[in-house]
Each structure stands twice: as C-alpha cells, then as structure tokens.
Amino acid sequence: MSFTTAHQARIVAPQFGESERTRFFVGTSSVFVGRGRSSVGNRGANIGQETDSGDTYALEGEADNSLLLLDFDEEARRVTTLTFGHPRPVRHVSPAPDKSDLVLTTHDAGASLWLLDAASAAAFADNHDLNSNDNDSCAAGNLAELLRINQHSSPEANTNNNNNNNNNNNNITRSLSRVVWDPLAGARSPSARVLALSSVAVSLHILDRALSNAETISSFSPNYSPDASTINNSIKSIICAEWNPHSVDQFCITKGPDLFFYDLRSSNQIISIIPNAHDHCVRDIDYNPNKPYCLVSAGNDGKLRIWDARNSSEPTACLLKDLSHSANNDPSAAVSSHNHSHWVWSVNYNRFHDQLILSAGSDCQVNLHNIVSVSSTPYGLIRSLDDGLDRDDDGDDDYSDLRVGNDDALINKKIKTTDELIATYREFEDSVYSVAWSSADPWIFAAVSFDGRVNINIVPRD
C-alpha cells in the first residue's frame, strides 16, 4: 500500500498509544512556500531564493508543513489520513509510549509536545467506519502545543591562539535533531523523562505532571576519539540515542563511529564504550525489546551490526559473520549484515518477534531481515501459509513445541532456523530515511522516502 504526502518527509513512527488499529505518524519537512518539492539540484538554494520550478525557499517557520496520522485497514487495503498543520519542518517524531493523543516533534526551533485534538481524533475514528469505500480519505485536525524544549547552547571554540583574554561568553545555538521518550515511564507519570539531542550534547529533561514544563536535569557530551586526526569532523556529531527498555536509567548515545553506554546511577555515568562500531558514523541504533544487553546499529558503511553490550570492553575481539555464515560460524560473534550499498539511515526491531529487523538506506530500498541466531527465540518464528499468526492446531502458541525440544515442530511449522534476508523492497525512487513497525500488528510496517512516499507493507507469509 502506497501513500504520498504533499511535501518531502524524513520520519515515520507508530502511534504507540493505539493498540487496536495500525496507525503511523509522518512528519513533512519542506522548507518551501509553494508546492514544497524540489529537484536534487535545487536543494542548496538560499532562503528566500526562487527555484527553477517557481517555488521559494521559506523563511524560518513559513513553510506549510504537517503532521499526518495514517490509519491502515489491512482487510480493505485502505489508508485514512488525519492531517495536523505543523508550523515548521518536522525533523523527528516521538509519540508518547502510553498516550495516543501526545506526540513530540523536533523542528528548527527546538522540540514541541503536542496534544492532538480529541474531537478530530474521534471524528477520524468515525470516518474510518463511515467511509469504507473511500480510499485515501482525509480529514483535518488541530494541534495544541503544551510545552517546548529549547535548543542547546554551547561555547564557541576560540581558534585564535594569540587571544589570551577570558572573554568566552559567545555561545553557538545547536538545533535539536530528535527527542526520545523514556519507554519505562508513562507520559503522565511523575517521572516522565525525555532525551533531547543536538550535534554536540544530549540533555535529560523531566516533564511535570501537568505537561507544561520540561526541567533540564543534566547534559551529556560523550568524547572518545583516539583516532580523531583521521576522522572527518562531519561524522563526529551526536546523531542518535536510545533508552534501554530493560533497565531504568540506562541509555546509549552514538557519536561518530562510537557507541557510549550510560547509567545515571553510576558515578562515572559512562559505563562502557564500543569504539569504532562502524567504519564511518553510526546513523541509528535500536535495542532488542525482548533480549537484554542486545542492540543493533546501522552506519554510513552500509552495514548492520548486532552487539552484546556486556562484551563492549573488548570490541575488537568480537568476530563478524555475514548472513550467509560464510565468514565465521562462531555463535558468540557479533552479527554483521551488509545488504545495503549506501548509508543505512534507519533500523528497527520488531517488538513482538525480535528476529525480524527492518533497515532502510540511501540506496532507495528497505530490507527485511530474519536474524535468528541472536534473537530471544532459539529457532525464530515466521508465520507460514499453513499456520495462524500465533496459534497452532492444538490451540497452544507456536513456541510451545520448541520449549520442550520437539524438533519435528521445525519441519511441521516451516519455521526459519537460519539468518537470512527475507525481502528487499525497491519501490522507492529516493533515499529511505525511516522505517517503523506497527505497534498494534506485528506483521505490518511502514517506510518513508525523502520525496514523501510512504509504503505500508505486510511481512510475507512464506
């Protein structure tokens, strides 16, 4: 199922608070006043400059962007859209982990927590039932800004070695790239927390119960560059961070090619480092939702790598093997996949079946991987044409025979037992910046490319 936004887009995220319907947020990121699209040759135009197509690059906040809520009906193969006007280009979307009407967006003026209009959301649900024959039907909604997290400020570096005065009060404003909810703390709990990222620092904020203020608790600026002289400055920025879903107060930050693991309860805070996790900078990470200490990273080298954080003290000792197992069969080795020919922008674990991993990159494709060897289920599980989603003929779940060591179950259920690339989706014509699994259905996922194309797919049954 394909859907195209009116403007360019870089982010898709599931509506976590919705457990009954498959819904995704998509944020547009146009910097135009006009149609909002450009050719590759015009992306470097100046603000206010007219492009060859007649559009004009917008001044800050002028472009007519939007936050879209897409509802996908698998049976009807229909997408219903609820559109919320957004005042600025959307860089990142972070829905609340437990509330369907709260969402954080990151933009050029910081980050905003929005409350979705209840009346619009209710009408949206009714519209889904009333317009069963109306494909791609749409409605408009309103956003109410509850609070804003400001951009970071950092001291300006003094490059004049002859200047010995102490006037170092000049600060540089650092735009936020994303804000990440703590998944273990509810949005309206007393301890709701978020991490706000810029290129130089990550700040920790606690939201009050009224959701009207975000108090800054601390700031983190990881630094580990033994080979700094050989690393390009453009890839030494902080790009992403993720909370550990298995342990409160722990999270991981990426800077350049390195992974930094933090524990707020530790006096040193940084508890371990994986240096040079990728040959170039790390673009995205995601923790395994079902297996502690395990996370996957994606980088500019076109690779995916799965790490055990407990072995991070000796990263060079981790052997690598590709999905065909041709390089190495050591079960304790980290797993490396090289199925992309360019940068990998996004990687995402399936929250229900963690052997399923999605990746998307600048090669205009999305890959669906089945990584069984390091998943929480010994033999993995992919549904087949002969089986239901989670139940077998005797009414038990599909894992029951595997727990008692019944090897015949592997044949009868057609369960995949080797690491493999399940499918590659090449329907895109531009870089794919984001992929996301549905929070309501474990077999549905969405991806968005820079030209605004959103594809919603279903995991193949065979």
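Begin by selecting residues 9–14, strand β2, where five of the six residues are buried; buried means under 20% relative accessible area, exposed over 50%, and partly exposed in between, with a 1.4 Å probe and protein chains only. Strands here are DSSP runs of E with at least two residues, and helices are runs of H or I with at least four, both numbered from the N terminus. The model is a predicted one, in which local features need pLDDT of at least 70 and side-chain atom pairs count only at pLDDT 80 or more, whereas totals for chains, interfaces and linings use all residues. Residues are numbered from 1 along each chain as its sequence is written, and side-chain values use heavy atoms, with hydrogens and water left out.

Two strands pair if DSSP finds at least two bridges between them.

How many of the seven residues of β3 are buried? Seven of the seven are. On one side lie T22, F24, V26 and T28, and on the other R23, F25 and G27, so that both faces of the strand are covered.

Now extend the selection to residues 65–73, strand β6, which runs antiparallel to β3 and is joined to it by six bridges. Within this pair, R23 stands opposite D71 of β6.

**Second stop: the four-stranded sheet**

Select β1, β34, β33 and β32; in that order they form an open sheet with antiparallel pairing. β1 (2–4) and β32 (432–437) are at the edges with a single partner strand each, so one side of each has no neighbour in the sheet. From one strand to the next the twist averages 20°; axes are lines fitted to C-alpha atoms, and angles run from 0 to 180 degrees between N-to-C directions.

Within the sheet, β33 (residues 444–449) and β34 (residues 453–458) are paired over five bridges. F445 has N457 of β34 as its bridge partner.

Then centre the view on V454, which lies in β34. V454 counts as buried because its relative accessibility is 1%. Beyond its neighbours within four places in sequence, V454 is in contact (heavy atoms within 4.5 Å) with residues including M1, F3, V26, L70 and A447.

A nonpolar core is a set of buried Ala, Val, Leu, Ile, Met, Phe, Trp, Tyr and Cys residues joined through side-chain atoms within 4.5 Å. Which of the 16 residues in the largest core touch the most other members? They are L113, I149, V179, W181, V194 and L207. At least two residues of this core come from each of β9 (102–107), β10 (110–116), β12 (143–149), β15 (178–181) and β16 (193–197). Around L113, show its contacts outside four places in sequence, among them L102, L104, L146, W181 and L211.

**Last stop: D308**

Finally, select D308 in strand β25 (residues 304–308). D308 is partly exposed, with a relative accessible area of 26%. Its C-alpha is 6.8 Å from that of L295, 13 residues away in sequence.
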